[in-house]
Amino acid sequence: MQTFNGLYAITPDTDDSERLIEQVGAVLDGGARILQYRNKGSDTVRRLWQANILVSLARSRNALFIVNDDVELARAVGADGVHVGRDDAGIAAARAALGPGAIVGASCYDSLALAQAAVAAGASYVAFGAVYPSATKPGAVAAPLSLFADAAALGVPRVAIGGITAANAGAVVAAGADAIAVIGGLFEQADPGAAARTLAALYR
């Protein structure tokens with residue numbers, strides 16, 4: 001796996017493909033090193049079309065491309081990997097489907113024990129959050145920043161997610177997060193590219 005750190009952009013759930021592609025291009029040009037395609041919509045044709053375009057954008061900028069919670073879509077578009085929820089079986093199944101070289105990320109919420117189990121099941125990285133209140137998932141459990149130091153011994157990248165913006169990201173990076181996963185702090189900003197540059201600069 002190429003270096004897994006820095007700004008990890010997660011796409012908003014939208015049917016406006018033209019705007020999505022424009023914004024993703026700006027965010028990648030701004031320095032995002034990882035792009036996750038997240039779309040919970042039921043239109044499988046649109047999701048496949050969007051994912052195919054976005055994987056090409058990511059490749060052209062030498063960024064990793066991850067699909068949220070859909071192993072079949074990840075395989076169909078040749079993604080670098082997939083991100084799954086708390087089910088350990090999902091990690092093993094994703095690994096079996098995508099192969100030993102795939103990136104398999106796991107949501108671990110506020111739990112070091114879940115992170116330990118995820119790594120044991122074959123996860124490539126672990127994600128903790130919400131580190132700050134999140135508009136995307138307003139009911140998400142709060143994850144303390146101390147988790148990033150506690151999880152250092154796991155030996156895999158640690159990703160922070162939830163409510164991260166340019167105003168608070170510095171504290172998350174300082175706490176030891178190898179990557180910061182951002183949705184609203186990028187795609188809900190007036191200038192997503194500028195927001196990406198600000199956030200990506202924290203890792204330089």
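How many aromatic pairs does a search of the whole structure find?

A: The model is a predicted one, in which local features need pLDDT of at least 70 and side-chain atom pairs count only at pLDDT 80 or more, while totals for chains, interfaces and linings use all residues. Residues are numbered from 1 along each chain as its sequence is written, and side-chain values use heavy atoms, with hydrogens and water left out.

A search of the whole structure finds four aromatic pairs. Rings of Phe, Tyr and Trp (its six-membered ring) pair if their centres lie within 6.5 Å; planes under 30 degrees apart count as stacked, over 60 as edge-to-face and the rest as tilted. One of the pairs joins F4 to Y8 in an edge-to-face arrangement, with 5.9 Å centre to centre and 85° between the planes. Y8 also pairs with Y125, again edge-to-face, at 6.0 Å centre to centre and 75° between the planes. This second pair links distant parts of the chain: Y8 lies in strand β1 (residues 6-10) and Y125 in strand β6 (residues 125-128), 117 residues apart. Strands (E, at least two residues) and helices (H or I, at least four) are DSSP runs, numbered from the N terminus. F4, Y8 and Y125 form one aromatic cluster.

F4 and Y8 are buried, and Y125 is buried as well. Buried means under 20% relative accessible area, exposed over 50%, and partly exposed in between (1.4 Å probe, protein chains only).

Strand β1 also holds G6, which is buried, with a relative accessible area of 5%. Not counting residues up to four places away in sequence, G6 touches D178, A179, I180 and Y203; contact means heavy atoms within 4.5 Å.

The nonpolar cores complete the surroundings. Such a core is a set of buried Ala, Val, Leu, Ile, Met, Phe, Trp, Tyr and Cys residues joined through side-chain atoms within 4.5 Å. The largest has 54 residues, and L7, F65, F128, I180 and L186 have the most contacts inside it. Helix α2 gives the most to this core, with five residues. Y8 belongs instead to a second, separate core of 13 residues, which also includes I34, I66 and V159. In soluble globular proteins, nonpolar side chains tend to be buried together.
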